[in-house]
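I opened my notebook to get to know this chain. Here is what I looked up, entry by entry.

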Amino acid sequence: PIDVDNLKNFQYFGKFKKAVLNVIASQLTDKAIQDLRGIFLDIDANRDGTLDATELREGIRRVGVQVPDNLEELMNAVDTDGSGVVDYSEFLAATIDRKRDMQED
């Protein structure tokens, strides 16, 4: 499932750290991101490769996780390029288990 705590923590990272995490996310192996890819595709209701606030809210709700009250604020923090939606690499950067992935390297 989606770790909402990772999303919450991501909003407090500086621009540089967010950029680094986006680069790391784009370099992860298929094995490391297989589950997250499946979650992203399940949430992306209109299959446009991005998540808007409605898709993210419904996706979190569908997997049985409580939707944070400040979801819009979290989404804005995850949307590092300011496009108004969360693309795949932004989603990965915000949801990867950083401790596990650093240990794998």
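Entry, elements. I took helices (H or I, at least four residues) and strands (E, at least two) as DSSP runs, numbered from the N terminus. Read from the N terminus on, the order is α-α-α-β-α-α-β-α-α. That gives the chain 7 helices and 2 strands.

Entry, ground rules. I am working with a predicted model, where local features need pLDDT of at least 70, side-chain atom pairs count only at pLDDT 80 or more, and totals for chains, interfaces and linings use all residues. Residues are numbered from 1 along each chain as its sequence is written, and side-chain values use heavy atoms, with hydrogens and water left out.

Entry, burial. I called a residue buried under 20% relative accessible area, exposed over 50%, and partly exposed in between (1.4 Å probe, protein chains only). Of the 105 residues in the chain, 42% are buried.

Entry, salt bridges. I looked for a side-chain nitrogen of Lys or Arg within 4 Å of a carboxyl oxygen of Asp or Glu. I found 2 salt bridges by this rule.

One of them pairs R57 with E72, with the closest N and O atoms 3.2 Å apart. The two sit 15 residues apart and link distant parts of the chain, R57 in helix α4 (residues 53-62) and E72 in helix α5 (residues 71-78). R57 counts as partly exposed because its relative accessibility is 25%; E72 is also partly exposed, at 42%.

E58 and R61 also form a salt bridge, at 2.7 Å from N to O. I noted that they are 3 residues apart in helix α4, so about one helical turn separates them. E58 is partly exposed at 34% relative accessibility, and R61 is partly exposed at 45%.
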